[in-house]
Amino acid sequence: MARTDIGGPDTGPGPGVTRSVLSHFRARISSLGFRAASAFVGAILIVTLGVAALEFRNQRDSYLEDVLESERLRAESAGRDFERWLDHMRRDVTILSETPPIAGILRASASPDGVDSRDQTDLETWKLRLQHIFTAFLKTDPDYAQLRFIGVADDGLELVRAEVRDGLIVTVEGEDLQQKGRRDYFLDGLDIRPDEIDLSKITLNREHGVVETPLNPMLRVMKGVFASDGSLFGFITINARAERIIGALRAAASSSSRAYLVNDDGDFLLHPDPAKTFGFDLGQRFTWRQDFPDLPDAATLSVGDGVARDRQEVGDHYLTARRIPLSRSDPGAAVHLIYEMRQADVRAWGTARISRVTLVTSLIAIALGTLVMVYLKRLMRPLKRLSESAAAIGNGDLDVLLPDTRVQELATLVAAFRQMVADIRARDLALEKSNAEIRQLNEELRERLEASDQRAALATEAVGIALWDVEPQSGRIQWDDLSPSIFGLAAAGMPGDVDGLLEFIHPDDRANVAALIEAARYEGQEFAAVFRIVQSDAGLRYLDARAGRVTDGQGKLTLLRGVVIDVTSERQTALEYRVLNEELSSFAYAVSHDLRAPLRSMNGFAEALTDEYADTLDDVAKGYITRIANAAVRMGVLIDDILALTRISKTEITRQTVDLSRIAAEVVDELRSGEPGRNVTVEIMSDLTVITDPGMARIVLWNLLGNAWKYSSEESPAEIVFDRVMHQGRSILRVRDNGIGFDMAYADKLYRPFQRLHSDQRIQGTGIGLATVSRAIGRLGGRIAAESEVGRGATFYFTL
Amino acid sequence: MTAIKPILLVEDNDDDEVLCLRALKTANLKNDIVIARDGAEAIDMLFGAGRPGPPGGLPFALILLDLGLPKISGLDVLKRIQEDDVIRRIPVVVMTSSNLDEDKITSYDLGANSFVRKPVAFGEFSEKVAHLGLYWLLINEMPD
């Protein structure tokens, strides 16, 4: 596996543990997952705290209001529960006092034989039935401790009694029934009215005169049972445990309030400190006044009948009080339920509550954030591995494992990554291959270069190229081994510097060369000059010397280096060529001038002969003479054409926009005027303009249209078309006629001088026209092609 | 009406001379024709001893000048003519075989009044000479 070292710091695990831990931590906190989760948690925290702060400011007072209101509702609700409990007992005692066994007992007691006169049930049976009812009541109400039916007669003897002892319902019969005629409540109850229900004070239960422990506060409910004559027969009493209801009152207090139940005497029945309750039963009183000397009496606080007083603020206390009457007949008998709070507590409680809400919210936010972080971390794991893989790939390790993931985007990413790795691998291979190829090519190149160097050395020697270096500052010249032979000097005789060289140069060339070397040395010019050198041993020589600039890193000229070539023979050849060319020109002149003169003579005297000796010459002689005259004219034409052909090569080309349509029209006019009798239809496309040499263009059109004119002479009407066609995106000019055409088999001879494809004597031609056209088009860089069929006209396609 | 002045024909080629005279005759011109066979002779007839007519005026009505001449070329003769303030007033028609633009341009630059190429076909030549005579000798007006 080829590794491409791309440089940069080593990103792999380093040996330094501290650095590793630190960088790990940095990597962690800079990871995408951590950042996302942090941002999320941070956002939640900020929002939560912001809302809480706002809420805290705005809602602090209304919290107090809420708390007080809820305290009031508590007190009201608890007081109502207490009253409902009392009502419940009043109802029960009423129900019990009116059950059939009571009436039965009354009837049976009134009867002398102790038997109910209505249904012959005896007294004992009625008592038993009442006992059953008592038992049922005790079963259904857990607060009830004892139910009794006490007779007024026989010193207040209990007639029926049922009670709960140690959690069991027991009935008391016979001798176990007690006489209660001495008890205060019995004596007090003797004047009870029929509609009256008497509720006792709530006191601690005593067994045999001793307070029962644990303390068992009791309430006694009593209703009179009256005989048919209206006299008091006895009482139904319910002894109920008050512990549960008092506990409920206590429980109704909030965390910042305290519940108190105070009797008319100011003694506590309920106090946050249980030791302070029922003190009056235990020998040491604890009163409201003692605890709250600065507050009004409990009775004063709870003024009102059954309706909880609105909250009261006294000092730093908030108080909610409710008076609960125990007896309807005795307005004085009541207990007072008071809930008391301190303002500071309420405020603290409100603050605590807000703080708690804030705390909880924050905790939830943190928990949520953590969850998100964990989830994101899981989510990011493939991404992290992907990035590690990317780093590994960056280090050239293409064998890394890429994570699998079910997250769609990541899966796409991973797939793309796999593709990339595959591509890189492929490219690596290709690169390696091409590297090898390049190495091989380099090697070949180097070999070739060496060979080339050798060849160059051989070549310079063979061709006669000398190498020279000029130091620009000193003007010193270094010559290679070949230089003396080029200069025709001994090695020792070679000029050592520029001044020395100039002395060898022909005086006519010297100033020019000096200026050029000067320019090369000091003005940054390349040096190139052809000059003659004067030597003693080999006559005049032409040398072509060139030198390029060799510069240092800053572009400063350090050396002029180049070659010197002996161009004497080329010069001589060029000179000879020039002489030949001039000779050719004068030859052309001579042809034009001198060769035509004899032709004129031939024609002129032939004409004179037929003219002046018409009488003596017969027709045959005249025919011969005419042939001579015509031949002379034809040769004149031939000479003109040859001259035109040679002139094509000499004429200088100057391009400009040329209106071919106009030129063609002029040519046709000329042709028409030469043969006015012919019937020729000429069609010239308008606006055929090209950029070309106007003279050449005229020569081309003259010849092509002239040919078309000439070779269609047998047709009537002859048709000639000059237009333009498009072929493969290029516009091509076309001259077409409907003349005799030519055989394509000889098409290759069309453009050769003196080649005529027609033997028809009626059509005159020198065979030079198309050669001229071809040469002119060649000079213009154009092309020409012909298409024809014998008897069907010819078409010439060409570009200028 | 002054006397009809002669035409100077400068022509070295005998054949051309004959043909030219024939053509001039065909054109029915009344002028005498003086012939110079080379450039030197032409100059002598224009400026030297061979000069015809009274001194001071123009010696010829028209000069028909060939260019390719022995001794002194036609162009040099033309140049010499131009250098003379009087002689230059004589119309000079260059008649030559040459068709070269250079010759035409030089001729005109040196003051030639016409440039006529001698065609091979005599008929054509004859026609041209007739036209020339008609124009330069009959239509055109000259100072004495």
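The tour goes from domains to cores, then to a pocket and a cavity. Keep in mind that this is a predicted model.

**Stop 1: the domains.** Colour chain A by its domain assignment, which gives domain 1 (64–77 + 245–350), domain 2 (91–242), domain 3 (574–647) and domain 4 (652–798). Now place a centre on domain 1 of chain A and another on domain 4 of chain A, using C-alpha atoms: 137 Å separate the two.

**Stop 2: the largest nonpolar core.** Select F82(A), L86(A), I105(A), F134(A), F149(A), L261(A) and Y339(A); of the 53 residues in the largest nonpolar core, these touch the most other members. Which helix gives the most to this core? Show helix α2 (residues 32–97) of chain A, which contributes eight residues. Domain 1 (64–77 + 245–350) and domain 2 (91–242) of chain A both supply residues here, so the core lies between them.

Zoom in on F134(A) next. Leaving aside residues up to four places away in sequence, F134(A) touches L96(A), L147(A), R148(A), F149(A), V160(A), A162(A) and I236(A).

**Stop 3: a second core.** Jump to A664(A), L701(A), L750(A) and A776(A), which are among the members of a second, separate core of 38 residues.

**Stop 4: the second largest pocket.** Centre the view on R183(A), N205(A), R206(A), R220(A) and N239(A): of the 49 residues lining the second largest pocket, these lie nearest its centre. The pocket holds about 1,600 Å³ of space. How does its lining divide into nonpolar, polar and charged residues? There are 14 nonpolar, 13 polar and 22 charged.

**Stop 5: the largest cavity.** The model has three cavities of 30 Å³ or more, and the largest has a volume of about 80 Å³. Select its lining: K201(A), I202(A), T203(A), N263(A), D264(A), D265(A), F280(A), L326(A), A333(A), A334(A) and V335(A). Colour these by type and you will find six nonpolar, two polar and three charged residues.

Technical notes: Residues numbered from 1 in each chain as written. Chains lettered and ligands numbered in written order. Predicted model: local features only at pLDDT ≥ 70, side-chain atom pairs only at ≥ 80, totals over all residues. Heavy atoms only, no water. 1 Å grid on protein atoms, 1.4 Å probe; cavity = no way out; pocket = protein on both sides within 12 Å on 5 of 7 lines; lining within 4 Å. Points joined across faces, edges and corners; volume = space filled by probe spheres on them. Nonpolar A, V, L, I, M, F, W, Y, C, P; charged D, E, K, R; others polar. Core = buried A, V, L, I, M, F, W, Y, C linked by side-chain atoms within 4.5 Å. Buried < 20%, exposed > 50% of the residue type's maximum accessible area, 1.4 Å probe, protein only. Helix = DSSP H or I, 4+ residues; strand = E, 2+ residues; numbered from the N terminus. Domains from an automatic or database assignment. Contact = heavy atoms within 4.5 Å.
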